[in-house]
Amino acid sequence: MRPARPQDADAIWAILSPVIAAGETYALPRDMSREQALAYWLGDDRRTYVAEVDGAVAGTYYLRANQAGGGDHVCNCGYMTAPSAQGRGVARAMCAHSLELARTLGFRAMQFNLVVSTNTRAVALWQAMGFEIVGRLPGAFRHPRQGAVDALVMFRTL
């Protein structure tokens, strides 16, 4: 795992683009441009990392404070894995790295604000990593194929 660099933009976009276009796991506009997506993922308010497998970027995540002021001790992350790297432990490794980084940065907890309930692989992984479902938002996500599905709020202390 290493911090993302400007020269990683093409590799990061190659990961973000199909996930955003599918519209099944992130509450982002499906027609988000490359520039908009990279500005979001690499924003100044977050730390962005990439995971490499055999020298190629296989996944990326960001870590940021979930809220400002009185809530800035809780962080939030977003993770995406390249389709070719799915099922190879990349997301688990990114989550483990982000948990350790969050502790190092002084965060006391991590919260995922909107985990799409139909993303069962992610839900199971986050639970295996110690996250609990602390809230269910009925019909809060418009899935492009399944219609309105629940979104989950997941949380763990560090």
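Predicted model: local features only at pLDDT ≥ 70, side-chain atom pairs only at ≥ 80, totals over all residues.
Consider the pair formed by α1 and α2 to begin with. Helix α1 spans residues 9-22 and helix α2 spans residues 34-41, and their axes lie 10 Å apart. The two helices pack at an angle of about 105 degrees. Since angles of 65 to 115 degrees count as roughly perpendicular, α1 and α2 are therefore described as roughly perpendicular to each other. On the α1 side, the contact involves Ala9, Asp10, Ile12, Trp13, Leu16 and Ile20. Their partners in α2 are Arg34, Ala37, Leu38 and Trp41. Sorted by class, this contact of α1 with α2 comprises eight nonpolar residues and two charged residues, with no polar ones.

The pair formed by α3 and α4 comes next. Helix α3 covers residues 90-104, while helix α4 covers residues 120-128. Here the packing angle is about 40 degrees, and the axes are 11 Å apart. With this angle, α3 and α4 are therefore oblique to each other. The crossing of α3 and α4 is right-handed. Helix α3 contributes Ala91, Arg92 and Cys95 to the contact, and helix α4 contributes Leu125, Trp126 and Ala128. By class, the contact of α3 with α4 holds five nonpolar residues and one charged residue, again with no polar residue.

A polar atom of the His143 side chain lies 3.2 Å from the backbone nitrogen of Gln146. When residues up to four places away in sequence are not counted, His143 touches Glu24, Thr118 and Val149.

Ala82, in turn, sits in the loop between β4 (74-81) and α3. What is the relative accessible area of Ala82, and is this residue buried or exposed? The value is 8%, so Ala82 is buried. Leaving aside neighbours within four places in sequence, Ala82 is in contact with Ile15, Ala58 and Gly59.

Key:
Residues numbered from 1 in each chain as written. Heavy atoms only, no water. Axes fitted to C-alpha atoms, helices over the stretch in contact; angles between N-to-C directions. Helix = DSSP H or I, 4+ residues; strand = E, 2+ residues; numbered from the N terminus. Parallel < 35°, antiparallel > 145°, perpendicular 65-115°, else oblique. Contact = heavy atoms within 4.5 Å. Nonpolar A, V, L, I, M, F, W, Y, C, P; charged D, E, K, R; others polar. Left-handed = near helix turned anticlockwise from the far one by under 90°. Polar contact = N/O pair within 3.5 Å; in protein donor to acceptor, adjacent residues only side chain to side chain. Buried < 20%, exposed > 50% of the residue type's maximum accessible area, 1.4 Å probe, protein only.
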